[in-house]
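This briefing sets out selected features of the structure shown below, grouped by topic. Please read each point alongside the sequence and the coordinates.

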Amino acid sequence: NLNLKASFYSGKLENLTKAHLKIDTLYAVMPDGNLHASLDLKNFEKPKVNSNIDLDLDVENFDQLLDLGFLKEINGRIAMSLNYHVDLTVDSNRISDNLTLRFDDISFEIPELLEVKLLNGNLSGVLDSLHMQDLNLIAGNTDLLINGDLMYAISMLTEAANIAETNVTI
């Protein structure tokens, strides 16, 4: 079941600075989950974006559905809430976001490297500064309980100059 209410205006200029994409409602009901989302994107040259995503999903067999060669045997449930706001129309390039992830009995395998069983817990914060709360997992024969903060993780993946910083209790 999928419901979508959206509009697009290209604007009268060739450079798409007046373009506007609005997804007022994206609602999907799947056999084992649901998705609610909205998006408001103005000015495709220097975007101003407001988006909200709420997801609750059973991830069983996602490795097959998405053809993820590096992950196998994915199971469990993920709930996510993301509010993302970007304004590149001003010199300060304002970006704000708020992320909450909940893991319920997630398991997966990275072939020949790692097997994770029963990942449970919460990540929250902003995309580049995540707080881990009662993140419990079994990796191989080791049972871990992790609490703490992971800073600059996204920047580390996108910009070689930044190094992730952690403050965790295991």
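A salt bridge is taken here as a side-chain nitrogen of Lys or Arg within 4 Å of a carboxyl oxygen of Asp or Glu. The model under discussion is predicted. Its chain contains 2 helices and 10 strands, and buried residues account for 25% of its 170 residues.

**Salt bridges**

- Side chains of opposite charge can pair when their charged atoms come close.
- Asp-56 counts as partly exposed because its relative accessibility is 24%, a value between the 20% limit for buried and the 50% limit for exposed residues. Arg-77 is also placed in the partly exposed class, at 26% relative accessibility.
- A salt bridge is also formed between the side chains of Asp-104 and Arg-102, at 2.9 Å from N to O.
- Asp-104 has a relative accessible area of 26% and is therefore partly exposed. For Arg-102 the relative accessible area is 33%, so this residue is partly exposed.

**Order of elements and strand pairing**

- Read from the N terminus, the elements follow the order β-β-β-β-α-β-β-β-β-β-α-β.
- Strand S2 (residues 20-30) pairs with strand S3 (residues 33-42) in the antiparallel sense, over 9 bridges. Within this pairing, Tyr-27 has His-36 in S3 as its bridge partner.
- S2 and S3 make up a hairpin, with 2 residues between the strands.
- S3 is joined to S4 by 10 bridges, and these two strands run antiparallel. Here Leu-39 is opposite Ser-51 of S4.
- S3 and S4 likewise form a hairpin, with 5 residues between them. In its turn, Asn-43 has a positive phi of about 60 degrees.

**Positive surface patch**

- Which residues form the positive surface patch? The patch consists of Lys-5, Lys-22, Lys-42 and Lys-48.
- Lys-48 is located in strand S4, which spans residues 48-58.
- With a relative accessible area of 38%, Lys-48 is partly exposed.

- Most residues other than glycine have a negative phi, and most peptide bonds are trans.
- Glu-73 is not a glycine, yet its phi is positive, at about 55 degrees. The residue is placed in strand S5.
- Glu-73 has a relative accessibility of 52% and therefore counts as exposed, the limit for that class being over 50%.
- Asp-105, likewise not a glycine, has a positive phi of about 55 degrees. Asp-105 lies in strand S6 (residues 94-110).
- Is Asp-105 exposed or partly exposed? At 45% relative accessibility, Asp-105 is counted as partly exposed.

How values were computed: Residues numbered from 1 in each chain as written. Predicted model: local features only at pLDDT ≥ 70, side-chain atom pairs only at ≥ 80, totals over all residues. Heavy atoms only, no water. Patch = residues over 30% accessible without salt bridge, like charges linked within 9 Å, V, L, I, M, F, W, Y side chains within 5 Å. Areas by Shrake-Rupley, 256 points an atom, 1.4 Å probe, with all protein chains shown as cover. Lys, Arg positive; Asp, Glu negative; His and termini not counted. Charge placed at Lys NZ, Arg CZ, Asp CG, Glu CD. Helix = DSSP H or I, 4+ residues; strand = E, 2+ residues; numbered from the N terminus. Buried < 20%, exposed > 50% of the residue type's maximum accessible area, 1.4 Å probe, protein only. Pairing = 2+ DSSP bridges.
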